[in-house]
Amino acid sequence: MAIEIEQPRVGLSKVAVSKTHGEDSPYFAGWKAYDENPYHETSNQSGVIQMGLAENQVSFDLLEKYLEEHSEASSWGKGAPGFRENALFQDYHGLKSFRQAMASFMEQIRGGRAKFDPDRIVLTAGATAANELLTFILADPGDALLIPTPYYPGFDRDLRWRTGVNIVPIHCDSSNNFQITPEAMEAAYQSAESMNLKVRGILITNPSNPLGATIQRSALEQILDFAVNKNIHLVSDEIYSGSTFSSSEFISIAEILETRGYKDAERVHIVYSLSKDLGLPGFRVGTIYSYNDQVVTTARRMSSFTLISSQTQHLLACMLSNKEFSENYIKTNRERLSKRYDMIIKGLKKAGIECLKGNAGLFCWMNLSPLLEKPTRESELALWKVILNEVKLNISPGSSCHCSEPGWFRVCFANMSEQTLEIALERIHKFMEQRKRS
Amino acid sequence: MLSSKASSNCHGQDSLYFLGWQVYEKNPFHEVENPTGIIQMGLAENQLSFDLVESWIRKNPDVMGLKNKDGESVFRDLALFQDYHGMPAFKNELVEYMAKIRGNKVKFDPNNLVLAAGATSANETLIFCLADPGDAILLPTPSYAGFDRDLKWRTGVEIVPIHCSSSNGFRISMFALEEAYERAQKLNLKVKGVLITNPSNPLGTTMTKDELQSLITFAIDKDIHLISDEVFSGTVFDSPCFISIMEAAMDSNLKRNIDVLSRIHIVYSLSKDLGLPGFRVGMIYSNNQTVVSAATKMSSFGLVSSQTQYLLSYMLANKKFTSNYMKRNQKRLKKRKEMLVSGLKKSGINCLKSNAGLFCWVDMRHLLCSNTFEAETDLWKKILCEVGLNISPGSSFHCSQPGWFRVCFANMNQSTLQVALRRIKDFVERSSFNYQQNMGSLSRKLISNWVRKLSSADREEQER
């Protein structure tokens, strides 16, 4: 029935035809190569192993066990009594029981060191939506957000595409383990000014993607001071907060605010999601937590464009309000991620590869700069292609994360079984041996 | 400190449409616990056929428990599934369901279907794809109050109304279309498309093939897009039967223009006919591959929960269920609408002749004390606060003529509707007796003050 149309002449928007969705980057190209030849333990042992996807698959059994034992979470009770109400529920305030469960879960992750008010939680379909929504609220088209590099490649789309807002990078490098410094922040601010861009905020990811490390307390204090000084917003994307290997090492911006008596809090907004810590990216659960009343109200109204399925809110409200489950999950998940991290670091070290010292996340930040022909982006991409096509590992090149220093790669370790990780490490080992010989 | 979008009123929530809801929420009717409360007749929801869905759920506990036909857990796969192309099984079922609603007179390709978190998200996404900030979309009035937010707020696009009037049953005339286009030109606005809602909200009517083809010709002529919001297509309960824009475009004369399919886009959702607004299932259908590609990427900002995609793919796969549902749902909607129409008629109130939707477009012009929107607002306040019915005034739908109201009938049970009809009857009888005698300006002022106090208190509470 479809008529073949070669070149539809009828015009589309600039947004529709732009490349700002960022999907032409190697980050996504690697996924395509994987999709065409995916590794499988039995049916495709020579396929590409996906190490470019920051997913958490190490703790599913805990979730499955909960669902087995609590069928009322995934249905609406015997005879479906709550079904009607749930199916009709499209209130953008979100299910109160779910917001309460989220607030308490966020508190547990922070070891009770910060308190969260359920009425300040705005629900969105994933952190992707939360970040875009916040950008619409905090900045006008043409304005700028400062973001420390290296950063999550998806930000180019999430923060810029439909919003028309610019990203100005805060350059961080290995000389100080990629930490954010006041000098770097100031340089970025000046750079924005010189381009006539109005800076509206600074967005940090803590724990950091792709570094796999938490931001230190002193740095957080400096970042908040910088935001106050320039009178701009501070967005703290804390979606990996439950994926720190030890509970005491993560310091949330919420804790910093608490110690300051919530002075200057109205410029601070936290983004969270269940996609990483709970391993549920398919369920689309994101939140914005803001200390600013107007932001909360506006974000809530805007969330109409990206509400969470009430069916899913119901399931997760049951699950997360079960303290026994959530405490055990957080503890066990941390232990398993920590174990996985140790495994990959040891394996890489055996192959002669060093990584940035990490303490969180679903990936490590690997240093392959000694292997580069020249310290350039082109050399990095050439190396990346070799690793993708010959070693058959899809890892993410630092340039796709806007890293200013070539040679670093993000390598995910939590989205596969231990056996698959072993195979990946063997391949890397073999590759390094071959290079040593030649 | 915040963006101009955050500080603007473009979210549209200061309209009477939303104000009425707020007042309702302070004093909601309940048959037993609050029989004098306000009856919500401003919410276009379908609550008439839940029992059919509940029965299916009871018979399919495995699907609810995220297990497949062999009783194995599919939890892991679902938890990880965030592919913005959507679940293939779900999209296959959706296109079949959409075709069924259209009497199988059109076929849809699942690869041209893009999922979104509700039609709210789908409409906004389409506008992002088709228009730049500052461009304009032509929209026939009266139209859904939420469009002000959905189409304009974050996109920066303008809406230019196509004025329709009761003189021809609010149908879109070529004259009105051209007039709107000229008006946009005079305002220096570049028109990028026309958006129609078919069946219409708030009219409850469907468009004829001729009307649709005139619109298509207009779109080709002006080289613009045509969006057909067909969210109420599953609520057509009477003749004439529903004709989708896609069916109208299949006409041989129009087919000759190879562009025609590249400019037509359909929006659909499961919120209205299946009564599942909480599950956030919306979609865009387009033959324009660039639109499909861009919209698919944009759907990252509003994906449908995989848990929900899984549940509904099974439900829609049950053809016996969908056939039975469609048949019985339509029968119930028809019966309920007739109950409202005949009840209003007994009070001397007429409705626009309709064959679809979850509401009637009610003519209360004769109850206005003057042919003005002030009088309409006065009447609305009276009906809200005195009679205790939250109905939506035509002004909140940008209707160009005062005196029309949208009254929903499918979001309550039969006895509640009977209470509402009784209240209207009493009100009309009282009004004709007391007309302009007791309902003097003093009482009206008191009511105005009260509503103002209530709505500002509500807003404070909402924003806390």
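**Reading contacts between domains and chains**

Colleague: How many residue pairs are in polar contact between domain 1 of chain B and domain 2 of chain B?

Modeller: A polar contact is a pair of N or O atoms within 3.5 Å; within protein, one must be able to donate a hydrogen and the other to accept it, and residues adjacent in sequence count only if both atoms are side-chain atoms. Between domain 1 of chain B and domain 2 of chain B there are 16 such residue pairs, both residues being at pLDDT 80 or more. On the side of domain 1 of chain B that touches domain 2 of chain B, the elements giving two or more residues are α15 (319-346), β10 (359-363) and β13 (404-408) of chain B. By class, this side of domain 1 of chain B has 15 nonpolar, 10 polar and 6 charged residues. Helices (H or I, at least four residues) and strands (E, at least two) are DSSP runs, numbered from the N terminus. Ala, Val, Leu, Ile, Met, Phe, Trp, Tyr, Cys and Pro count as nonpolar, Asp, Glu, Lys and Arg as charged, and the others, Gly among them, as polar.

Colleague: What should I know about the model itself and its conventions?

Modeller: This is a predicted model, in which local features need pLDDT of at least 70 and side-chain atom pairs count only at pLDDT 80 or more, while totals for chains, interfaces and linings use all residues. Residues are numbered from 1 along each chain as its sequence is written, chains are lettered from A and ligands numbered from 1 in the order in which they are written, and side-chain values use heavy atoms, with hydrogens and water left out.

Colleague: Where do the domains of chain B lie?

Modeller: Domain bounds come from an automatic or database domain assignment. For chain B, the assignment gives domain 1 (4-50 + 332-436) and domain 2 (59-322). Taken over C-alpha atoms, the centres of these two domains of chain B are 27 Å apart. Contact means heavy atoms within 4.5 Å; 31 residues of domain 1 of chain B are in contact with 34 residues of domain 2 of chain B.

Colleague: How is the size of an interface expressed?

Modeller: The size of an interface is often given as the accessible area lost when the parts come together. Buried area is the accessible area (1.4 Å probe) that two parts lose on being put together, summed over both. Domain 1 of chain B and domain 2 of chain B bury about 2900 Å² between them, with 61% of it on carbon and sulfur atoms.

Colleague: How many salt bridges are found across that interface of domain 1 and domain 2 of chain B?

Modeller: Side chains of opposite charge can pair when their charged atoms come close. A salt bridge is a side-chain nitrogen of Lys or Arg within 4 Å of a carboxyl oxygen of Asp or Glu. The rule finds 1 salt bridge across the interface of these domains of chain B. B:Asp238 forms a salt bridge with B:Lys334, with 3.7 Å between the closest N and O atoms.

Colleague: Which bounds does the domain assignment give for chain A?

Modeller: The assignment for chain A gives domain 1 (26-61 + 334-437) and domain 2 (78-325). The contact takes 27 residues from domain 1 of chain A and 34 residues from domain 2 of chain A. These two domains of chain A bury about 2600 Å², of which carbon and sulfur atoms give 58%. A:Arg334, A:Asn359 and A:His402 supply 28% of the area that domain 1 of chain A buries against domain 2 of chain A, more than any other three residues.
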